[in-house]
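Here's a quick tour of one model, from its salt bridges to its cores and helix packing. Have your viewer open as you read.

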Amino acid sequence: MPPIIEINDLSKTYDDGFEALKSVNLEVREGEILALLGPNGAGKTTLISIVCGLVNATAGSVFVGGHDVVRDFRGSRSMIGLVPQEIALEPFQSVIDSLRFTRGLFGKKSDPKLLEDVLRKLSLWDKRDTATKDLSGGMKRRVLIAKALCHEPRILFLDEPTAGVDVELRKEMWDVVRQLKADGVTIILTTHYIEEAEAIADRIGIIREGALLVVEEKTALIERFGQRQMRIELMEPVESLPKSLNGYDLERAEDGKSLVYSYSAIGERTGIASLLSELSDAGIVLRDVHTHQSSLEDIMVDFLKDRA
């Protein structure tokens with residue numbers, strides 16, 4: 001199946017010389033959730049804006065569902081729903097009227113049943129006649145999503161969708177995103193909340209200073225770049241490590257009461273069994289053992305730091 005979004009050698013340089021994107025190549029699969037991660041100013045919003053036809057690229061091409069975003073703007077834009085970072089709603093307009101207006105902008109016929117379904121999925125039906133100014137911040141975020149969905153797009157861009165939202169509501173929003181995926185919507189998400197990407201994304205892209213550093217399946221990324229550590233607490237402190245342990249990535253705590261063993265998350269051969277055997281042979285008695293797996297946040301921090 002061809003990608004629903006195809007980005008080729010995309011670059012953006014502004015008049016002041018700032019290079020926001022540097023030859024980005026990316027294919028987005030239909031029906032997936034792709035999370036784009038990176039620090040402020042990395043180029044995430046610029047990339048989204050170009051795909052959505054809001055900003056012109058300096059070089060490269062973008063195709064959405066086979067439509068060139070420049071030569072066939074209407075065709076590509078009709079497939080896209082965009083939820084921006086900023087909450088920009090007409091304050092005195094009711095929720096339902098806001099959706100009707102947005103649907104009309106895309107030239108779609110009136111469909112009360114569809115709008116009701118969208119609002120019910122987002123737990124907004126009971127607020128349909130409420131002016132947007134009277135909604136909470138979280139509810140306003142939901143209205144933005146509803147507006148982005150009301151013309152039945154196949155692709156949804158969520159640019160920092162849970163910014164300023166409390167933890168409980170954020171998890172509710174994750175459930176909404178999962179349901180949208182189940183309905184067949186392709187979702188591209190930018191977020192500063194790493195746990196958000198870890199919870200709902202299928203693939204992760206890391207972008208820094210306009211360059212797309214890596215795009216990979218979430219689980220594969222964690223396995224490939226992640227590290228595991230085993231902390232070994234000792235019955236008696238050791239002054240130094242025996243030479244027989246030199247072949248292991250092993251660190252002794254300053255007080256000598258514990259050892260930390262680092263090993264790759266890839267593969268089944270961790271070296272743990274042989275390490276424990278070597279410790280026993282050296283007369284080192286264990287009190288307890290704890291293991292730790294790198295999180296996506298650990299990997300991202302290390303990834304960006306290594307390329308600084």
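At its relative accessibility, does Lys113 count as buried or exposed? Lys113 counts as exposed, at 52% relative accessibility; for the labels, buried means under 20% relative accessible area, exposed over 50%, and partly exposed in between (1.4 Å probe, protein chains only).

## Ground rules

This is a predicted model, where local features need pLDDT of at least 70 and side-chain atom pairs count only at pLDDT 80 or more, while totals for chains, interfaces and linings use all residues. Residues are numbered from 1 along each chain as its sequence is written, and side-chain values use heavy atoms, with hydrogens and water left out.

## Salt bridges

A salt bridge here is a side-chain nitrogen of Lys or Arg within 4 Å of a carboxyl oxygen of Asp or Glu. By that rule, the count is 13 salt bridges. Lys113 has one with Asp117, with 2.9 Å between the closest N and O atoms. Both residues sit in helix 4 (residues 112-121), 4 residues apart, or about one turn of the helix. Helices (H or I, at least four residues) and strands (E, at least two) are DSSP runs, numbered from the N terminus. Asp117 is partly exposed, at a relative accessible area of 31%.

Now for a pair that reaches across the sequence. Arg154 and Glu30 meet through their side chains in a salt bridge, at 2.9 Å from N to O. Arg154 is in the loop between helix 5 and strand 7 (155-159), and Glu30 is in the loop between strand 2 (19-28) and strand 3 (33-37), so this pair ties together parts 124 residues apart in sequence. Arg154 is partly exposed with a relative accessible area of 39%, and Glu30 is partly exposed too, with 35%. Then there's Arg103, which forms a salt bridge with Glu152, the closest N and O atoms being 3.1 Å apart. That one links distant parts of the chain, with Arg103 in helix 3 (residues 95-105) and Glu152 in the loop between helix 5 and strand 7, 49 residues apart. Arg103 counts as buried at 6% relative accessibility, whereas Glu152 counts as partly exposed at 42%.

## Positive phi

Glu152 turns up again for its backbone: its phi is near 60 degrees, a positive value in a residue other than glycine. Ser123 isn't a glycine either, yet has a positive phi of about 55 degrees. You'll find Ser123 in the loop between helix 4 and helix 5, where it counts as partly exposed at 44% relative accessibility.

## Nonpolar cores

In soluble globular proteins, nonpolar side chains tend to be buried together. A nonpolar core is a set of buried Ala, Val, Leu, Ile, Met, Phe, Trp, Tyr and Cys residues joined through side-chain atoms within 4.5 Å. The largest one has 40 residues, and those touching the most other members are Leu99, Ile145, Leu156, Leu158, Leu180, Ile187 and Ile204. Helix 5 (residues 137-149) gives the most to this core, with 6 residues.

Which residues does Leu180 touch, not counting those up to four places away in sequence? They are Ile145, Leu149, Leu156, Val185 and Ile187. Apart from this core lies another, of 26 residues, including Ile7, Val69, Phe157 and Leu212.

## Helix packing

Helix 5 packs with helix 6 (residues 167-182) at an angle of about 15 degrees, their axes 11 Å apart. Axes are lines fitted to C-alpha atoms, for helices over the stretch in contact, and angles run from 0 to 180 degrees between N-to-C directions. On the helix 5 side, the contact (heavy atoms within 4.5 Å) is made by Gly138, Arg141, Arg142, Ile145 and Leu149. Helix 6 brings Leu169, Glu172, Met173, Val176 and Leu180.

Helix 3 and helix 5 have axes that come within 8 Å and cross at roughly 30 degrees. They are therefore roughly parallel to each other. Val95, Ser98, Leu99 and Thr102 of helix 3 make the contact with Val143, Ala146 and Lys147 of helix 5.

How values were computed
Angles under 35 degrees count as roughly parallel, over 145 as roughly antiparallel, 65 to 115 as roughly perpendicular and the rest as oblique.
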